[in-house]
Amino acid sequence: MIPDLSVILPKKDEVYPIHLIAIGRPKLEGIRLLEAHYRDLLKAFARFEVLEIPEGRGSPDRQLADEARRLRTHLGAVRCPVLLSAEGPRRSSEDFAAWLGARMDRGESLAFAIGSSHGFDPALK
């Protein structure tokens, strides 16, 4: 017997919005396929929206400053902006799920940002 998922899955208008803001576009086909795979997995639980911002131009410092200026516009619109960075805190899957669940329970708007190959401008951190 197939279980009735409508009992546990949220209705479309109740789905939690999660924004991903990426500087640049993934160049490797494998990364784009993984993105599509995870987007499909999240559909039932979250409205996952991706915004790709072109990389800045010029020297690395100028590039980072330009990207930071454009990111601030989008990150300022959410309650909980998260910069995904190698220097950031590491979490286990369980810890991340608990952290994310707490924000979802409180109804906090959420955006994750992925920096360019140079990372993020220090002023954003």
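Reader: In what order do the elements of the protein run from the N terminus on?

Author: This is a predicted model, and its secondary structure comes to three helices and four strands. Read from the N terminus on, these elements follow the order β-α-β-α-β-α-β.

Reader: Which share of the contacts with a separation of 6 or more is made by residues 24 or more positions apart?

Author: The protein has 125 residues, of which buried residues make up 27%. Among its contacts with a separation of 6 or more, the share that belongs to residues 24 or more positions apart is 78%.

Reader: Is strand 1 largely enclosed or open, and how many of its residues are buried?

Author: Strand 1 covers residues 16–23, and it is joined to strand 2 by eight bridges, the two strands running parallel. Leu-20, for instance, stands opposite Val-50 in strand 2, and the chain crosses from strand 1 through helix 1 to strand 2 in a right-handed β-α-β crossover. Strand 1 also pairs with strand 4 in parallel fashion, through five bridges. As for burial, strand 1 is largely enclosed by the rest of the structure, because the number of its eight residues that are buried is six.

Reader: Which residue in strand 4 is the bridge partner of Ile-18?

Author: Strand 4, residues 110–114, is mostly covered, with four of its five residues buried. For Ile-18, the bridge partner in strand 4 is Leu-110.

Reader: What is the handedness of the β-α-β unit made by strand 3, helix 3 and strand 4?

Author: Strand 3 (residues 80–84) and strand 4 run parallel and are joined by five bridges, with Leu-84 having Ile-114 as its bridge partner in strand 4. Together with helix 3, residues 93–106, these two strands make a β-α-β unit that is right-handed.

Reader: Which element gives the most residues to the lining of the largest pocket?

Author: About 1200 Å³ of space lies in the largest pocket, and the elements that give two or more residues to its lining are strand 1, helix 1, strand 2, strand 3, helix 3 and strand 4. With six residues, the element that gives the most to this lining is helix 1.

Reader: How many nonpolar residues does the lining of the largest pocket have?

Author: The lining of the largest pocket comprises 37 residues, and those that lie nearest its centre are Leu-20, Leu-84, Phe-96, Phe-112 and Ile-114. Sorted by class, the lining has six polar and seven charged residues, while the nonpolar ones number 24.

Reader: Is Gly-56 buried or exposed, and what is its relative accessible area?

Author: Gly-56 sits in the loop between strand 2 and helix 2. Leaving aside neighbours within four places in sequence, Gly-56 is in contact with Gln-63, Asp-66, Glu-67 and Arg-70, and its C-alpha atom is separated by 8.9 Å from that of Gly-24, 32 residues apart along the chain. Since buried means under 20% relative accessible area, Gly-56 counts as buried, with a value of 10%.

Reader: What is the relative accessible area of Arg-103?

Author: Arg-103 has its place in helix 3, and, when neighbours within four places in sequence are left aside, Arg-103 is in contact with Tyr-16, Cys-80 and Glu-108. This arginine is buried, and its relative accessible area is 17%.

Conventions. Residues are numbered from 1 along each chain as its sequence is written. This is a predicted model: local features need pLDDT of at least 70, side-chain atom pairs count only at pLDDT 80 or more; totals for chains, interfaces and linings use all residues. Side-chain values use heavy atoms; hydrogens and water are left out. Buried means under 20% relative accessible area, exposed over 50%, partly exposed in between (1.4 Å probe, protein chains only). Two strands pair if DSSP finds at least two bridges between them. A crossover is right-handed if, with the strands pointing away from the viewer, the path from the first strand over the helix to the second runs clockwise. On a 1 Å grid over the protein atoms alone, a cavity is a set of points where a 1.4 Å probe fits but cannot get out, and a pocket is an open set with protein on both sides within 12 Å along at least five of seven lines; lining residues have an atom within 4 Å of a point. Grid points are joined across faces, edges and corners, and a volume is the space filled by probe spheres set on the points. Ala, Val, Leu, Ile, Met, Phe, Trp, Tyr, Cys and Pro count as nonpolar, Asp, Glu, Lys and Arg as charged, and the others, Gly among them, as polar. Contact means heavy atoms within 4.5 Å.
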